Amino acid sequence: MDTRLLDQGAGKRGTSNPIVNDGRRTLLKGFLAGAALGLSPLAFAEKSRHLVTGQSYIGGRIIQRANEAGFPDPAMGGIGAMTMFISPVSVAVTPMRDIFIADAGLQAIFRYDPMLDAMNIVRGLRVTQQTRLAAAPDGSVVVVNGMSAPMVRISRTGRVIQTIDAQLGGGVFYDEVAVDAASGRYYGLDRVQRRLEEIMPHGRGGIVMPQGVVPEQPAAMAMDGTTVYIAGRACQCIAAIDTFGSRNMEVIAEDIGQAAALAAGDGWLAVADVREREVRVWRQGALLAEADFASLGLVDPRGMAIAQQTLYVADGAGRRVASFRLRA
């Protein structure tokens with residue numbers, strides 16, 4: 001993805017972008033069908049050119065025990081009762097289309113299988129409000145928990161297959177994580193120390209990125225191609241960091257009140273701004289959509305992911321993971 005995302009001023013209100021009518025926010029009208037009664041996991045909004053509300057995941061039937069391929073074992077009970085989400089805080093979607101969800105209310109990570117409309121419980125891992133997930137290209141998922149636990153990578157069935165520790169010193173704990181799909185490198189962010197580390201695929205060696213490339217008071221991180229995006233609270237901006245070439249930082253969006261979640265992928269970039277209570281979406285440098293939380297049926301977005309041209313949002317207070325089809 002081209003790191004030069006935005007023309008000067010394109011991320012500001014009052015932009016001359018013709019998609020944003022005369023600088024006014026584009027409100028994507030929508031509603032959550034049956035949400036007040038909890039009757040349906042599907043939500044549909046009015047048609048939008050760029051952001052269309054899709055399926056909403058409110059929980060799933062539990063696979064009692066799965067084989068190595070992730071399918072239920074009939075001899076061990078098959079698929080059990082429905083479990084509803086309480087407070088999903090992070091979501092990651094793998095190339096195999098598995099949806100991993102960290103729920104701080106249930107203190108568990110789940111792997112939701114859309115093909116089966118059922119989900120596995122990932123056992124043995126600590127889950128808190130700080131838990132963050134990132135998908136790896138092989139279908140595994142990386143889990144970070146800040147100071148609560150080391151960074152680990154889990155298989156499709158939830159087995160811990162790698163503990164990631166760059167051993168670069170400084171008493172670093174990772175609050176955010178991203179994975180380079182091409183090289184397999186991990187990028188861990190310590191928000192407190194304003195420290196970004198690039199870790200080798202084997203999980204042991206790495207380098208500390210120059211502190212100057214990380215905006216002050218970093219709040220959220222995402223990655224697309226070889227570009228890492230970090231939202232900073234002090235600058236109220238999103239910075240793009242080139243991890244392959246110059247390793248320079250460029251501010252690509254401003255006037256980001258308080259970024260609670262950031263997602264990137266497939267040439268898309270999205271941010272959930274909890275101060276302005278809106279989701280903003282860019283595509284290859286153009287600001288395409290600004291939608292307030294209410295119009296999208298969102299309450300309190302805490303985590304986001306982009307995969308297969310779809311934006312997934314872990315809505316903690318909304319007790320669900322919402323999805324939105326992205327259209328250029």
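This is a predicted model: local features need pLDDT of at least 70, side-chain atom pairs count only at pLDDT 80 or more; totals for chains, interfaces and linings use all residues.

Student: What makes up the lining of the largest pocket?

Tutor: There are 39 lining residues, and those nearest the centre of the pocket are Ala-135, Met-223, Ala-264, Ala-305 and Ile-306. Among the strands that each supply at least two residues of this lining are β8 (132-135), β16 (218-224), β20 (259-265) and β24 (301-307). A residue is counted in the lining because it has an atom within 4 Å of a point of the pocket.

Student: How many residues of each class does the lining have?

Tutor: The lining of the largest pocket has 27 nonpolar residues, together with 6 polar and 6 charged ones.

Student: How do you know that Cys-235 and Cys-237 form a disulfide?

Tutor: The sulfur atoms of Cys-235 and Cys-237 are 2.0 Å apart, and the cut-off for a disulfide is within 2.5 Å, so the pair is given that name. In general, such a link is a covalent bond between the sulfur atoms of two cysteines. The structure holds 1 disulfide, and with -70° about the S-S bond the link of Cys-235 and Cys-237 is left-handed.

Student: What makes β9 and β10 count as paired strands?

Tutor: Strand β9 (residues 141-144) and β10 are joined over 3 bridges in the antiparallel sense, and pairing needs at least two bridges, so the two strands qualify. One of the facing pairs is Val-142 with its bridge partner Arg-153 in β10. The two strands form a hairpin with 6 residues between them, and Gly-146 in the turn has a positive phi of about 60°.

Student: How do you know that β10 pairs with β11?

Tutor: Here 4 bridges join β10 to strand β11 (residues 160-164), and pairing asks for at least two, so these antiparallel strands are paired as well. Arg-153 stands opposite Gln-162 in β11. This hairpin has 5 residues between its strands, and Gly-158 in the turn has a positive phi of about 95°.

Student: Which residues point each way from β10?

Tutor: From β10 (residues 151-154), Met-151 and Arg-153 point one way while Val-152 and Ile-154 point the other way, and all are buried.

Key. Residues are numbered from 1 along each chain as its sequence is written. Side-chain values use heavy atoms; hydrogens and water are left out. On a 1 Å grid over the protein atoms alone, a cavity is a set of points where a 1.4 Å probe fits but cannot get out, and a pocket is an open set with protein on both sides within 12 Å along at least five of seven lines; lining residues have an atom within 4 Å of a point. Ala, Val, Leu, Ile, Met, Phe, Trp, Tyr, Cys and Pro count as nonpolar, Asp, Glu, Lys and Arg as charged, and the others, Gly among them, as polar. Buried means under 20% relative accessible area, exposed over 50%, partly exposed in between (1.4 Å probe, protein chains only).
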